[in-house]
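Please look through the structure shown here before reading the report that follows.

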Amino acid sequence: MGIRFILMVNKQGQTRLAQYYEWLTLEERRALEGEIVRKCLARTEQQCSFVEHRNYKIVYRRYASLFFLVGVDNDENELAILEFIHLLVETMDRHFGNVCELDIMFHLEKAHFMLEEMVMNGCIVETSKSNILSPIQLMEKMS
Amino acid sequence: MAGTSIMETLFQRDLDDLIKGIRQQQIKESLFISKAIEEIRREIKSTDLPTKSAALRKLSYLSSLHGADMSFAAFHAVEVMSSPQFFYKKIGYHAVTQSFNDDTPVILLITNQLRKDLNSSNQFEVSLALECLSRIGNVDLARDLTPEVFTLLSSNAVRVCFKRLVENLESSEPVILSAVVGVFCELCLKDPRSYLPLAPEFYKILVDSKNNWLLIKVLKIFAKLATLEPRLAKRVVEPICEFMRRTEAKSLLFECIRTVLSSLSEYESAVKLAVVKVREFLVDDDPNLKYLGLQALSIIAPKHLWAVLENKDFVIKSLSDGDYNIKLESLRLLMSMVSESNVAEISRVLINYALKSDPEFCNQILGSILSTCCRNLYEVIVDFDWYASLLGEMVRIPHCQKGEEIEHQIIDIAMRVKDVRPALVHVCRNLLIDPALLGNPFLHRILSAAAWVSGEYVEFSRNPFELMEALLQPRTNLLLPSIRAVYVQSVFKVLIFCAHSYLLHKENISSVNTDNLASEVPESVFARMSCENSDLATSEAPASSEQHDSFNPRNINQSFGDLSIENGGDATVSNSQASTSASLGRNSFTHESIVNLFNIVELALGPLSRSHDVEIQERARNVLGFTDLIEQEILNPVVQGEENLARAETEASRVVKLMCDAFSEELGPVSTSAQDRVPVPDGLLLKENLADLETICGDIQLPLSSSFSLSSTPLGEAVDISRTNLQSKDETEPSHESTSLLAEHRKRHGLYYLASEKSEGASNDYPPANDPMSQDKLNDDAEDLLKLTEQSLAPKKKPNQAKPRPVVLKLDGDEISVAAKKPELKDDLLSGVVQDVLLGNDGVPSSSRSNRSENLSGKSKGKEKLSTDLSLETKENVPGEKMPDHVNTSSRRSKHRSHGKERRQKGQGKDGEEKEDNGQKEKRKSNHHRGKHKAHQRADEPLNVVAQTPVIPDFLL
């Protein structure tokens with residue numbers, strides 16, 4: 001399994017999206033998120049985007065006020081995950097039009113839906129933006 | 001009822017309201033959330049689907065972002081999920097995916113719903129169900145729903161299971177292709193061998209595809225396969241190099257580098273190219289690339305150290321990078337480069353960095369030095385004197401918080417490495433006499449180790465009086481009671497040593513007036529020997545056992561050797577000290593000095609005898625009791641006549657000797673499992689009445705500690721804390737009868753005894769300690785480090801090894817990590833079937849196939865793997881397990897150990913060979929194994945071999 005979890009966290013350290021691909025109890029999730037956020041948010045722009053934590057490698061990237069944190073296995077390609085984060089942001093950007101934190105907050109389900117299109121049980125399966133977005137657009141047309 | 005439902009529908013807050021509400025609550029967010037959950041609990045029970053689903057939606061939100069518990073809503077989620085409308089169904093599925101796990105009781109209820117949705121004509125419903133299944137699938141669900149997933153595979157132009165999955169590798173549809181490659185990448189991680197036959201397909205993708213995501217996955221697959229199949233490696237190395245030259249994408253480039261470095265490291269040119277690219281990463285401004293570059297280097301470090309050496313300047317520079325992660329990575333890289341030849345230099349570089357670093361990184365550095373150096377029983381350390389001084393230096397680093405590790409290592413090397421003791425005692429003395437160190441609570445544990453070492457090996461001390469003052473200095477009241485107790489115990493040992501030396505000295509003077517003046521050295525040797533080996537001390541009485549007799553000459557030699565070591569150690573500090581220390585035995589144990597010593601001890605320990613801590617109190621009282629006993633006899637001889645004096649002193653010396661003997665037994669490390677390994681010998685009745693033993697041992701003065709004694713302090717004083725884990729190595733020195741009994745016993749059950757002498761061979765030719773090399777480098781500061789490492793990191797061949805490495809006592813219980821990786825045990829039933837599918841037998845749909853022989857071969861394969869593993873394991877265990885047979889002489893032991901090493905290397909070499917062998921050979925080999933272990937399954941083999949061989953060569957040759 002490549003990706004173990006995906007988090008979006010704002011500057012204040014509040015979680016805005018959390019998607020886990022392995023089962024952790026609520027307490028474990030809280031603890032993990034707390035530790036990771038503390039570790040990653042303290043880092044400066046000049047430092048590298050990879051943090052080792054427990055048995056994960058965290059690949060993170062900051063867009064404006066939002067941090068995208070992806071926990072991966074140790075043998076995952078870090079740069080590919082960075083590109084994946086960028087792809088995710090671009091996809092959301094295309095859908096929401098200049099995506100911001102509020103978009104994700106109020107349309108969490110859509111964000112989850114996009115993720116589900118892109119990632120299946122921790123493996124990246126879809127990387128074409130239009131393929132990812134077509135079901136969502138269809139849904140919006142329906143309602 | 002209907003009314004409330006309408007009311008709820010009308011006035012229910014939807015998710016947006018909830019989010020807005022949360023955003024408005026600045027302070028009482030948790031209160032707001034718990035209120036909202038109360039609401040949800042009410043709403044979710046509604047029979048109205050919109051209300052229920054809105055409530056569930058809110059709950060999912062709160063659970064995912066605010067950690068609310070949603071297990072109570074499991075059943076409601078199932079209800080919403082079964083709604084026919086996609087909008088609600090989606091909410092239900094989301095909730096289920098997010099909150100269900102194997103322990104959720106209602107998970108069994110969703111099987112039918114999943115089946116229904118998997119069979120749905122609406123592809124979006126199908127995808128919801130698939131996503132859900134992939135996340136929460138457990139054994140039950142998988143068993144019940146696999147047919148549906150298979151059907152699905154067929155509906156999308158993919159017919160039956162695995163075979164069809166393989167066909168999709170040739171799909172032109174990029175989405176399908178990337179999904180399939182993803183699947184195989186995952187599968188390969190678990191059991192690469194099964195997928196070797198697919199290599200041609202993967203190769204085609206590697207060459208044809210333009211999709212970087214896909215290429216990365218394929219590279220990952222090849223990284224696994226290439227290690228199994230050298231011909232495959234040969235084939236893929238060129239395209240991968242081509243990628244490295246051409247590609248713009250850093251992620252792909254990095255994956256290529258990683259693949260080459262980890263799996264294709266035999267291909268010189270490819271490795272060279274990869275290292276060039278790594279270099280580009282390292283000098284890049286992007287910290288990400290820097291970090292990855294360092295990681296790449298640490299992959300290659302074990303096999304191609306030159307790659308690291310080429311970039312060593314950068315690695316060392318990275319130690320002072322602003323990014324903690326990069327620093328850490330370069331630290332790891334440096335540690336991976338450590339070998340016997342450069343450990344001193346690297347440690348020096350790092351200690352200098354540690355001095356300048358922030359506390360966290362400083363301790364990281366110290367920790368990694370400590371753990372690297374003690375790896376495999378101090379494998380990399382040749383010069384233990386240097387290591388002892390390094391430990392001493394670490395203590396002086398202001399941020400040092402590694403008390404526990406250093407404490408452990410000081411005691412550990414003191415016990416294991418006999419030759420280091422003089423140097424170590426010197427280091428410990430320097431620590432103990434520094435009152436400043438007592439102020440740092442992080443160092444207290446180290447001080448306790450230092451106190452223990454100084455007490456236990458006091459015979460190596462240059463100035464016991466100074467040591468005594470250090471142990472009794474007023475600031476010791478800052479120590480924890482438990483550590484203080486160790487101090488008191490050490491005081492006891494030092495006191496006894498001094499008294500003993502004094503008495504011996506006196507005896508010698510009175511008996512041989514002139515001779516001894518001429519030869520100081522033998523006398524001090526004699527004094528020390530008497531402490532070190534009680535049987536030698538009492539050699540006036542013919543107490544030595546037959547077995548010890550044989551050791552005697554060597555022992556003397558060795559003691560001389562030890563002395564020269566001690567003096568050699570001194571020499572580096574100041575040459576003049578050597579002579580003073582040699583003459584110390586004579587000059588310093590004067591009557592006044594002993595009186596003075598007793599006074600100091602009584603003065604300092606007096607208050608402690610009323611201490612509230614029982615350990616301190618008891619030990620202090622023991623010491624005071626001893627001084628009371630001895631004092632009148634030793635210290636007031638002035639008024640007595642000559643004969644009286646002689647008589648009194650013989651009595652006193654008897655007591656002192658007794659105590660000295662009690663302390664002089666050496667404590668050796670004993671593995672925790674030692675007792676378990678001793679089977680109860682035949683005819684031994686553990687519960688037999690031993691009353692008759694008293695008649696045999698009646699005239700023994702010491703309470704006889706039985707031959708299996710665990711404690712070395714037979715006089716019944718409190719057992720030293722730091723000793724509680726240890727057991728006495730030698731037997732106590734009992735009287736004639738029992739020694740002969742013991743000798744008998746030892747002869748018969750020799751393998752249960754630890755060696756009585758560990759390092760006779762090594763110590764005789766032990767040259768002067770402290771390499772001048774490391775001394776020279778002491779003053780180097782950071783600027784010189786680069787230059788310094790330039791020479792030191794270069795792979796020298798056994799540089800300036802003026803002396804052999806001292807023997808490190810090794811126990812069978814010590815775990816030595818073996819580099820060779822043991823292949824993991826897998827559930828090979830699956831892979832066996834998979835292989836069968838891949839290797840032809842097209843027509844039969846594998847899902848329905850329960851061909852007996854197929855299954856059997858799969859199973860037997862698993863078993864065969866297991867059995868080879870076992871044989872491998874036992875091979876590795878051999879050196880450890882055989883150890884006890886040979887513990888009686890250390891020379892044999894060391895031989896045996898080296899033999900063990902050889903074997904291990906052989907084992908590795910074999911591994912390498914195995915890798916180089918082609919698959920066919922490998923199979924033959926495994927058949928061979930199987931033939932050995934599972935002869936009755938031979939019938940299956942021919943079929944298997946025939947089926948497996950043709951596929952790979954077609955592609956590769």
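This is a predicted model: local features need pLDDT of at least 70, side-chain atom pairs count only at pLDDT 80 or more; totals for chains, interfaces and linings use all residues.

## The surface and fold of chain B

Residues are numbered from 1 along each chain as its sequence is written, chains are lettered from A and ligands numbered from 1 in the order in which they are written, and side-chain values use heavy atoms, with hydrogens and water left out.

The secondary structure of chain B comes to 50 helices and two strands, where helices (H or I, at least four residues) and strands (E, at least two) are DSSP runs numbered from the N terminus. Of its 957 residues, 54% count as buried, a term that stands for under 20% relative accessible area, with exposed over 50% and partly exposed in between (1.4 Å probe, protein chains only).

## The interface of the two chains

Chain A and chain B each bring 54 residues to their contact, contact being defined by heavy atoms within 4.5 Å. Between them the two chains bury about 4,600 Å², with 54% of it on carbon and sulfur atoms; buried area is the accessible area (1.4 Å probe) that two parts lose on being put together, summed over both. B:Leu65, B:Arg135 and B:Trp213 supply 15% of the area that chain B buries against chain A, more than any other three residues.

Four salt bridges are found across this interface, each a side-chain nitrogen of Lys or Arg within 4 Å of a carboxyl oxygen of Asp or Glu. The side chains of A:Glu78 and B:Arg258 meet in a salt bridge, at 3.7 Å from N to O.

## Two buried residues

A:Arg4 lies in strand 1 (residues 3-10) of chain A, and with a relative accessible area of 14% this residue is buried. Leaving aside residues up to four places away in sequence, A:Arg4 touches several others, among them A:Tyr20, A:Tyr56 and A:Asp73.

B:Ala301 sits in the loop between helix 17 (287-300) and helix 18 (305-310) of chain B and is buried, with a relative accessible area of 3%. B:Ala301 and B:Leu334 are 33 residues apart in sequence, and their C-alpha atoms are 9.5 Å apart in space.
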